[in-house]
Amino acid sequence: MAARLLSLLSLLALWIVAARFGDPRHLPGPLAVFAAMGKAAASGELFAAMAITMARVAASFLLAMAAGAALGYAMGRRALVDRLADPWVVVLLNLPALVIIVLLYIWAGLNEAAAIAAVALNKLPNATVTIREGARALDPALDEMARAFAFSPWKRLRHVVLPQLAPYIAAATRSGLSLVWKIVLVVELIGRPNGVGFEINEAFQLFDVAMLLAYALPFTAAMLVVEALVVQPFERHVSRWRPRPA
Amino acid sequence: MSPAGAPGPLDVRIARKRVASVAGLEVEILSNLAFRLDAGEVGALIGPSGCGKSTAMRIVAGLDSAFEGAVARPQGPLGMVFQEPRLLPWRSVEDNIRLAAPDIGEAEFAALLKRLSLADHRAHFPSELSLGLARRVALARAFAVRPSLLLLDEPFVSLDAPLARALRGELLALVGERAVTTVLVTHDVEEAIRLADRIFVLSPRPARVIGEIRVRPPREGMSAAEARSIKADIDALSP
């Protein structure tokens, strides 16, 4: 903990020193950035931009996870589905995020649906591949037990399948969230009239680094909070039954 | 022996069961395996290891329908104890039992736990249980559904002898009380004699029933000489 704090403080110190001796237009000091942040917050624009970006992160993340979980599960359980869908997944996995974004904007127009779909499509193959591994690792002995005791399909899903998939869902969530929020900014920068990515583009056009950091830092901090308060507790919750390593 | 309003006999007629071998060839592992139990009877399938007993059990349970033949099961719920306890590791002992038997009342549930010396382990997770305790939970789960057919696939394998003996005693008492039609797979002759009304001796692969021996109750009070003579009968049948 102390080492982490020291590391963070040294980063701050480096920033102050660099700002002092460098060109303040290229790198404003922390105080200038906080002043810009205060201005953006006071006008409400900072929170409006963060809220809309968060909404896009949530929508595309949930879409990608739901579709990826369904597809990954089907691929993990059925060899035919796996053979049919695998080439598509491999193509999507290797297609640069930017290509998917630009193509969707061209095909569907510069609208919200295209933006969300582009982010979701970028995340989809990762979620699919991770959940597929989980579906392949499902214990057939437990499945047989559930059938012997006549568990309903819902009970089987909830009490037998999902707990086994949970570590894979948690892994996909963790890697997915960090991927999604970075891509959302690119999508906003290219083709949305609002959001943190849009504001960063504005700052870029004006060469206003203080404003750029005033939007980027609070948003990054917010995503770290989501990670600490939502993702990590979820991971701990789904693995609570595992014996603690001695 | 059969109680009034019994859910019917168990009639197993497996004409043929084939599986794909590692080399890709079809291998016949069960051939004309047939036996019948009246309601409330306990039958033991005894045979050399690897002869296909567990496969037969999965067919009787309805978990495997890729075979030639027919199985008529008693009406009503199935209780099954597998070779491994097969508990859900993320659920407590209580939840594991209640998930299989959602209708069980608290009094009956508590009594069942007490019978199987599990009362102190209600809230424990399977990872906190010894193998012997986990097997007891699997037994409790099978009885909690109030089965009309109980299938036990080597339920005491890999337990030390005194523990296996204790569990066998508990099982015998429970089976006797409930008068549930039971199939026990075992390769332990003593276990079969102690628990079963009828013993079906299986051949090596492809398995079929090569002999049926009736054990006269009361099993517990059987003299050593009687037990020896039944054992000799089984040995005479065993290839």
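Student: In what order do the elements of chain A run from the N terminus on?

Tutor: They go α-α-α-α-α-α-α-α-α-α, and the count for chain A is 10 helices and zero strands. Helices here are DSSP runs of H or I with at least four residues, strands are runs of E with at least two, and both are numbered from the N terminus. This is a predicted model, where local features need pLDDT of at least 70, side-chain atom pairs count only at pLDDT 80 or more, and totals for chains, interfaces and linings use all residues. Residues are numbered from 1 along each chain as its sequence is written, chains are lettered from A and ligands numbered from 1 in the order written, and side-chain values use heavy atoms, leaving out hydrogens and water.

Student: Where is the kink in H10(A) centred?

Tutor: On Glu227(A), with a kink of about 30 degrees. The bend at a residue is the angle between axes fitted to the seven residues ending there and the seven starting there.

Student: What caps the N-terminal end of H10(A)?

Tutor: Asp208(A) does, with a side-chain oxygen 3.4 Å from the backbone nitrogen of Ala210(A).

Student: What makes Arg58(B) and Glu144(A) a salt bridge?

Tutor: The term asks for a side-chain nitrogen of Lys or Arg within 4 Å of a carboxyl oxygen of Asp or Glu. The closest N and O atoms of Arg58(B) and Glu144(A) are 2.5 Å apart, and the pair counts as a salt bridge. This one crosses between chains, from helix H1 (residues 53–61) of chain B to helix H7 (residues 140–148) of chain A. Over all chains, the search finds 34 salt bridges.

Student: Why is Glu144(A) called buried?

Tutor: Buried means under 20% relative accessible area, exposed over 50%, and partly exposed in between (1.4 Å probe, protein chains only). Glu144(A) has 9%, so buried it is. Arg58(B) has 26%, so that residue counts as partly exposed.

Student: Which parts does the salt bridge between Glu177(B) and Arg115(B) tie together?

Tutor: The N to O distance in that pair is 2.7 Å. Glu177(B) lies in helix H5 (residues 161–178) of chain B and Arg115(B) in helix H3 (residues 106–115) of chain B, so the pair ties together parts 62 residues apart in sequence. Glu177(B) has a relative accessible area of 53%, so the label is exposed, whereas Arg115(B), at 32%, is partly exposed.

Student: Which helix gives the most to the nonpolar patch?

Tutor: H5(A), with four residues. Helix H5 (97–108) and helix H8 (153–191) of chain A each supply at least two.

Methods:
Polar contact = N/O pair within 3.5 Å; in protein donor to acceptor, adjacent residues only side chain to side chain.
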